[in-house]
Amino acid sequence: MMKLTVYKAKETLERIESVFEDNNYKKKGQEKYWKEQGVRMTLYMDIHEKNAPGWVKEVLDFFDTEELEDYTIPDQYNAIIVVQTMKNIYLLPQGRAYWTVEKLADMNFGLNFAEKTILDKDISLKGVSYIQRNKMKGVTNYKQNQTEFPQASESYFSVSGKPRSESIFGSNLTCGTGITFAREYSLNKGDEQEDEFIDLFGQIDIALSLKGNISSIPRLIKINKKDPLNTTLDTQLLGMIKKIDDNISISFSISKIQLLGNRIIMLESDKKLTAYVTGSKKETEEEISIDGDQLKEYIIKYSDLINDISKLKFSVFDEEDCITKDVPFKKIVFCELQMGDKVYLLDNGMWGHFNNRFYSLVEEKMKEINDIIDYNDEYSCQYESDESGEYAGEGGYIEALAGISHMVKLHKRNINTHGTYIEVADIFNRNSKELLAIKRGTGTSMALYSFEQSLLSMQVLSNSNEFKVRDELLKYNDRKKYDDVKKYPNLTKKQLGEIMECKTSCVLWLIDQKVTYVYEGVRNKNLDLLKFNSILLKLKIIDWYSFTKDNGYTPKIYFALDLPLPMDVID
């Protein structure tokens, strides 16, 4: 009896045989052909000496023991059955052959098959990647008949459940990149299950060719790195940045919270980011600010040297020490690229596109979030802004709000959490008992950061004892160390108590006239978040909204007009 995992090949038979040869798989036995079913099968095997587990030598050495007497090095048996039907090629790995098979597999096959064969109500387990969430991955096992509906920003990578055609496919299927069948199959000649095994692949062909789906799974359809589309997207991305093709719409930004070298790096003002072109590092390495505009200028400047986006690399520095280097452009940048009517997302080095179910869930959630938008005229105030420095732009606006008696300035009052500095908020409104994270403009990078900042602040306040929040906020009252009273005004213990008890987390968004439809929506107090073009920004808003509610906070988004006074008026 044999348990099956079936992959669908994306390559030609010639290419498959070439990869097998490169990985030491040899054809074994005779090819089998069943004319009536139109099925052809071939066996390939790799047999090699199996290395003894590392613990064997360690234990023997510890007890001063020689090699075991009569010890025979075992063989590792890996096998791949290649099944050809009239429509597809399937690969069935045994042993450790899946390492080779997955190089040749259609990575979307398993979930495509699930949508054809498993009803939503019969999904018993799901594996989920969370897009733009504080959570990365999760696996949920449901009680019988208690399936939960998928949530916005969830992208499934695996499901298990009962297939509708249980008599053909068995009682349970696990579908990810391939299909694993719960039932076992016999290959013994003359056995009834031998016929079922041969017939199985024709049934898979039939299921894949069915019109329409019986379930709808939200997911990111990943594009294999060897797929020509991956190269096309890289080329279009580079061309659009260089303004070669005006028919392609692009939005890209550098995420200000990065996981590099297994360390969380905050790309804030105390960090330095340099870009360089491989092969010409000495001549091209330059410090750039953490925004898409300057990166774009850099790429245009060295466009003659950058004929492939993979040639562009980054280094991240903390003061004078290099934190990490040789970071690929595609690793550190979040990017949306629209070609025709489809949006492609570059996330953590891989291109992909979302299916319709994913977008419909996002739309439903954004309609819900529209209900927490508020417009407080008090926040649409004029303010003085220096040309540069502490009180330029956002700093000038925060200073204007801080001049109102019931507003408490928390901007730059950073809390040290194991070397990472986090702001609780920019302003605390004592009248409404609300913490405000303030950001200007509709640029994706800065907008993403404002919500990330709010998320971090809630996590810190929820664990105030662990992070010593009271002591960290009060330390700025020490005038021997922090003598700038304007920058760090005194915080009373009563104010601190109100801040610690606050359960309303807000993002206050200042909007200028650069993006007309957003400005008009704020001015008329009827902005619809669904009109935002950036799917990346929508997902981050959903993440912030869901996290806020899940952790006992009340979320709110304020929009206000950005009204800096002209410099001649200030003078």
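A residue counts as buried when its relative accessible area is under 20% and as exposed when that value is over 50%, with partly exposed in between. With that in hand, let's walk through this predicted model.

Phe358, at 1% relative accessibility, is therefore buried, whereas Tyr359, at 28%, is partly exposed. These two rings form an edge-to-face pair. In total, the structure holds 25 aromatic pairs. Another edge-to-face pair joins Phe113 and Phe169. Phe113 sits in helix α4 (residues 109–117) and Phe169 in helix α5 (residues 166–169), so their pairing ties together parts 56 residues apart in sequence. Both Phe113 and Phe169 are buried, and they belong to one aromatic cluster that also includes Tyr90, Phe109 and Tyr185.

| Aromatic pair | Centre to centre | Angle between planes |
|---|---|---|
| Phe113 and Phe169 | 5.4 Å | 85° |
| Phe358 and Tyr359 | 6.3 Å | 90° |

Lysines meet rings here as well: Lys486 lies over the face of Tyr391, 4.1 Å from the ring centre, and Lys503 lies over the face of Tyr553 at 4.4 Å from the ring centre.

Now for a polar residue. Glu423 belongs to strand β26 (residues 420–423) and, at 10% relative accessibility, counts as buried. Its side chain makes a polar contact of 3.2 Å with the side chain of His411, while a polar atom of the Glu423 side chain lies 2.7 Å from the backbone nitrogen of Lys412. Glu423 also touches Ser457, among others; the C-alpha atoms of Glu423 and Ser457 are 6.4 Å apart, although 34 residues separate them along the chain.

Methods
Residues numbered from 1 in each chain as written. Predicted model: local features only at pLDDT ≥ 70, side-chain atom pairs only at ≥ 80, totals over all residues. Heavy atoms only, no water. Helix = DSSP H or I, 4+ residues; strand = E, 2+ residues; numbered from the N terminus. Buried < 20%, exposed > 50% of the residue type's maximum accessible area, 1.4 Å probe, protein only. Contact = heavy atoms within 4.5 Å. Polar contact = N/O pair within 3.5 Å; in protein donor to acceptor, adjacent residues only side chain to side chain. Phe/Tyr/Trp six-rings, centres within 6.5 Å; stacked < 30°, edge-to-face > 60°. Lys NZ or Arg CZ within 6 Å of the ring centre and 35° of its normal. Lists of a residue's contacts leave out its neighbours within four places in sequence.
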